[in-house]
Amino acid sequence: MDRSINFLNINNYKINLLDLNRKEIETFLFSLGAKKFVTEQIMKWIYHHNCIDFNLMSNLKKDIRKKLIKKSYIFSSHFIEEKISFDGTIKWITLIDKQKIETVYIPEKKRSTLCVSSQIGCALKCEFCATGKQGFNRNLRVSEIVSQILQANRVLKEKGNKKLITNIVFMGMGEPLLNLNNVISAIKIILDKDGFGLSKRRITLSTSGIVPALDKLNKKIDVALAISLHAPNDVIRNSIMPINKKYNIKSFLNAVSRYLKYSNANKGGVTVEYVMLNGINDSNKNAEELANILKKIPSKINLIPWNFFKDSHFLCSSISRINTFANILRKKGFNTMIRKNRGQDISAACGQLTGEVINRFRTFL
Ligand code: SAH
Ligand code: SF4
């Protein structure tokens, strides 16, 4: 069902416009008797000018403004804390329902990447991931996802940064495919020329492999895909990623192939994420196995040195082990990179995001 229609049916319920994508704003404005072009005006104020006050939207007619104020509001969640790493990475914390979610800004020469969260916590409990260990509370709303980008752009501007966010990665807290509808709607706003206006190749969604949701994504939106594979066979994957017992490697990779068939955003192939865990998944044999299961999938491989977090029993593979592993894959013709760890000193690196989650013991598995 169209989510906006759902909203409109509720009498006297004020709508947060940040929860709506273009189509939904249009439907809402239509119900107020406003013309279609008002959608563009409002979206530009919000996403281009970072203005969330109706009274400052000078080109809106007075009667429309009045109706908007009566029936809607614009609320963006705010960063309450900032931690800056020696390497320029910044972690921002947002307070939502007395809990904390995290957003990470990663500046590079040509890109300004924002790593956004899609859920408060994560229900999938991967053994090596601090977010998984925290438990799960709830999905983020569209407004709570896009607010992370709005706030990042606002803060960067305040800091005198000329380059605002150029790339978005759904690699923060949570499993984006378990919050599919809200993530798709947020992506529509990120892609929209009157929204953040980024191209589909600049948006990367990382998933641990929720097969039916990946098939749905396939039909609704095209973005760059990253997959959290982390193991070359089901025995190892079962032991570190419980989701594999529901959707095993074969079914995951088949769904990835289906996605790639229709995708333009993944021209260079899917990004395979593989966390390097000492003695668990990092042997020469494991590298050969990995090459074997990926031989039919156009891919580039990202080896991620495992990032430490408290109370975890894992160790990261040694640098020489990671290099040997990478070289085996390269010899087999795979484009293989070793991911640089950014923001480790402020616990902003992959898998270190914990925020503060009130665990509701709701688990997907
Ligand atoms: N839930 C999604 C999105 C999170 S992306 C997913 O799992 O794909 C975060 C990436 O960092 C994932 O590839 C995840 O597996 C990886 N990761 C998790 N914990 C890590 C750790 N401690 N060190 C390095 N990478 C980690
Ligand atoms: Fe959730 Fe991804 Fe962490 Fe697994 S790696 S627990 S899916 S956030």
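This tour hops from one salt bridge to the next. Keep in mind that you're looking at a predicted model. Side chains of opposite charge can pair when their charged atoms come close. How many salt bridges are there? The count comes to 20, and we'll visit a few.

**Stop one.** Select Glu81 and Lys83. Their side chains meet in a salt bridge, with N to O at 3.9 Å. Glu81 counts as partly exposed, at 30% relative accessibility, and Lys83 is partly exposed too, at 33%.

**Stop two.** Now pick Asp87 and Arg342. Here the closest N and O atoms of the salt bridge are 3.5 Å apart. What does this pair tie together? Asp87 sits in the loop between strand S3 (79-84) and strand S4 (90-96), while Arg342 is in the segment after strand S14 (335-338), so the bridge links parts that are 255 residues apart in sequence. Asp87 has a relative accessibility of 24%, so it counts as partly exposed.

**Stop three.** Next, select Arg138 and Asp97. This salt bridge has its closest N and O atoms 3.0 Å apart. Arg138 belongs to strand S8 (residues 136-139) and Asp97 to the loop between S4 and strand S5 (99-107), so the pair connects parts that lie 41 residues apart in sequence. Is Arg138 buried or exposed? With 12% relative accessibility, it counts as buried, because the cut-off for buried is under 20%.

**Last stop.** Finally, select Arg22, Glu40, Lys44, Asp192, Lys193 and Asp194 together. Salt bridges that share partners join these residues into one network.

Definitions and conventions
Residues are numbered from 1 along each chain as its sequence is written. Chains are lettered from A and ligands numbered from 1 in the order in which they are written. This is a predicted model: local features need pLDDT of at least 70, side-chain atom pairs count only at pLDDT 80 or more; totals for chains, interfaces and linings use all residues. Side-chain values use heavy atoms; hydrogens and water are left out. A salt bridge is a side-chain nitrogen of Lys or Arg within 4 Å of a carboxyl oxygen of Asp or Glu. Buried means under 20% relative accessible area, exposed over 50%, partly exposed in between (1.4 Å probe, protein chains only). Helices (H or I, at least four residues) and strands (E, at least two) are DSSP runs, numbered from the N terminus.
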